[in-house]
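Q: Could you take me through one part of this model in some detail? I'd like a close look at the place where the two chains meet, with a bit of context around it.

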Amino acid sequence: MHTLTLAEMRSALESGDFSSVELCRHYIDRIKSQNEALNAFVSITEEQAMEAARVADQKRASGNLDGALHGLPIGHKDIFCTDGVRTTCGSRMLEEFVPPYNATVVEKLKAAGAICLGKTNMDEFAMGSSNENSYFGAVRNPWDNDRVPGGSSGGSAAAVGGRLVPACTGTDTGGSIRQPAAFCGITGLKPTYGRVSRYGMIAFASSLDQGGPMAVTAEDCALLLNEMAGFDERDSTSIERDKDDYVSSLGNSIDGVKIGLPKQYFDAGLDSSIATALQVAIAELEKLGAKFVDIDLANQHLSVPAYYIVAPAECSSNLARFDGVRYGHRCDDPKDLEDLYKRSRAEGFGREVKRRILVGTYALSAGYYDAYYLKAQKIRSLISRDFSQAFESVDFILGPTTPSPAFKLGEKTGDPVEMYLNDIYTIPANLAGLPGISVPCGEAEGLPVGMQLVGNYFDEARLLNVAHQYQAVTDWHTRLPE
Amino acid sequence: MADDAESVVGNEVVEQVAHLARIQIDSDSVSNYASEMSGVLELAAQMDQVDTSLVEPMAHPVRAVQRLREDVVTETDRREAFQDIAPSVENGYYLVPPVIE
């Protein structure tokens, strides 16, 4: 059952091959037997899920379907607020936080009939590229338990990669959907900024954060995005624009599409095993009729420096809300209000979160704003302009998702800057607000390799179709860890 | 911005910024934070390679402007639900240590 895609499961449920109860039971059993090794889930909502599955089967029997995902199991990254279900964001600060409302994404997927099996582990407040920053312990890569699954949506990626659940939600601020998708051999899409509502998605860097689907195939990502996307008046940055039908365009030919290859993406910093896998993938796409041209993204190398100012600055502001007063962790026996704030935050936040709050506070403090935050926002304009110019002559941009395959646990925890450089290929799309997808395209040292495609604003439907056409002629996305 | 990592952020700056951010930092970890913050700010200094004096800062990725809405109540009062999850409340108020002696 767990080798099926969401789309295949949907057909199987329709034709009565198995029930939602059987399907959810199967996955919950897989979670229970494998989560100890992977640590992909921080909460398993077995009771609610099995009850929802029973209701889904009853409704199906009476011909009354909720929507396109009726009775299909999914997981939610533990950054999305779930009414009555603990939502930790990977932090001690929210270890016992039970939200009194659902995130819009949670609400929409539920309305479409999806059944949540649990909440997935993540880097604390989505800050990290390896999932080693979770208060609930590191997540392990299903392909090699000594390696990281990537981050920050590492629990979601490991869960889908190990087929503990067929699909998950994720969020991507600097690559947090695409990078773990690449490390765990799955497909992950970061939509255009503003395409998916941020309401109820715990904020990290508000000008960059975007939720999206993580699944086995591009087709499954399209099924999920069809439900997740759309305008939400409760998110002031949600874009007032109709969503597309991301599924109906999946049969289109990609003969004649033009794909740009930025020379900056194929330089010396790229692991040769990744470069080799990409060359093979490019040849496959050429067979499907895609035309490749070299392009120049001249300011690409400034993405990481700009991001590691913008993201900490916005995080320092967003995380000011965690004060030990209204919700979240409070220290014992505060001697005064300042002590309450300072110790609650010192105890509630982990090291990486504190470091970013400090960097962000510094960058926004009097006298430094122009040199850091304003400068970084200007660099963003340059990076965005490079992309806009490229999209005048190409439909998509192709490159690696990550500089190397999944690295070992502990390998990069000693130096924050070295860890940050893992995000070099994913950050530019966040800075510009563009949609990007990571698709499995090979193996290196027995580990999955991801290919990244970036599209123009709101071009998710065509982006998903290119990935879908590629997956129709390749089988990397079907491979499972041992 | 300085070239020398040691001189970008010193211990006093860490303590000052930690106070602004209302985070208590143990005295024995201050210098670690200083060197890590310096590392990040050195990375950020690479931005100085480009002259951006004529570049407009990005305000929004897709150049959207802030949406306005009618000035009407859109949320229901859920004070009890929200205070249920607070560390300490009494009679509808959040409790904190006395601010004025």
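A: Let's start with the charges: three salt bridges are counted between chain B and chain A. One of them joins the side chains of Glu75(B) and Arg234(A), with an N to O distance of 3.7 Å. Keep in mind that this is a predicted model, and everything here is computed from it. Polar contacts turn up across the interface of chain B and chain A too, in 18 residue pairs where both partners have pLDDT 80 or more.

Which elements of chain B are involved? Helix 2 (11-20), helix 3 (30-45) and helix 4 (79-84) of chain B each give two or more residues to the side that touches chain A.

Now for the extent of the contact. Chain B puts in 54 residues and chain A puts in 73 residues. Interface size is often quoted as the accessible area lost when the parts come together. For chain B and chain A that buried area comes to about 5300 Å², and carbon and sulfur atoms give 68% of it. On the chain B side, the residues that lose the most area to chain A are Met47(B), Met58(B) and Arg67(B), which together make up 14% of what that side buries.

The largest nonpolar core has 163 residues, and the members touching the most others are Phe125(A), Leu285(A), Phe387(A), Leu398(A) and Leu464(A). Helix 9 of chain A, residues 303-318, is the top contributor to this core, with nine residues. There's also a second, separate core of five residues, with Val148(A), Phe183(A), Ala406(A) and Phe407(A) among them.

Is Ser43(A) buried or exposed? Ser43(A) counts as buried because its relative accessibility is 12%, and the cut-off for that label is under 20%. The Ser43(A) side chain has a polar contact with the side chain of Arg86(A), at 3.5 Å. If you skip the neighbours within four places in sequence, Ser43(A) is in contact with Arg86(A), Leu117(A), Gly118(A) and Lys119(A).

Conventions: Residues numbered from 1 in each chain as written. Chains lettered and ligands numbered in written order. Predicted model: local features only at pLDDT ≥ 70, side-chain atom pairs only at ≥ 80, totals over all residues. Heavy atoms only, no water. Core = buried A, V, L, I, M, F, W, Y, C linked by side-chain atoms within 4.5 Å. Buried < 20%, exposed > 50% of the residue type's maximum accessible area, 1.4 Å probe, protein only. Helix = DSSP H or I, 4+ residues; strand = E, 2+ residues; numbered from the N terminus. Contact = heavy atoms within 4.5 Å. Buried area = accessible area lost by both parts, 1.4 Å probe. Salt bridge = Lys/Arg side-chain N within 4 Å of Asp/Glu carboxyl O. Polar contact = N/O pair within 3.5 Å; in protein donor to acceptor, adjacent residues only side chain to side chain.
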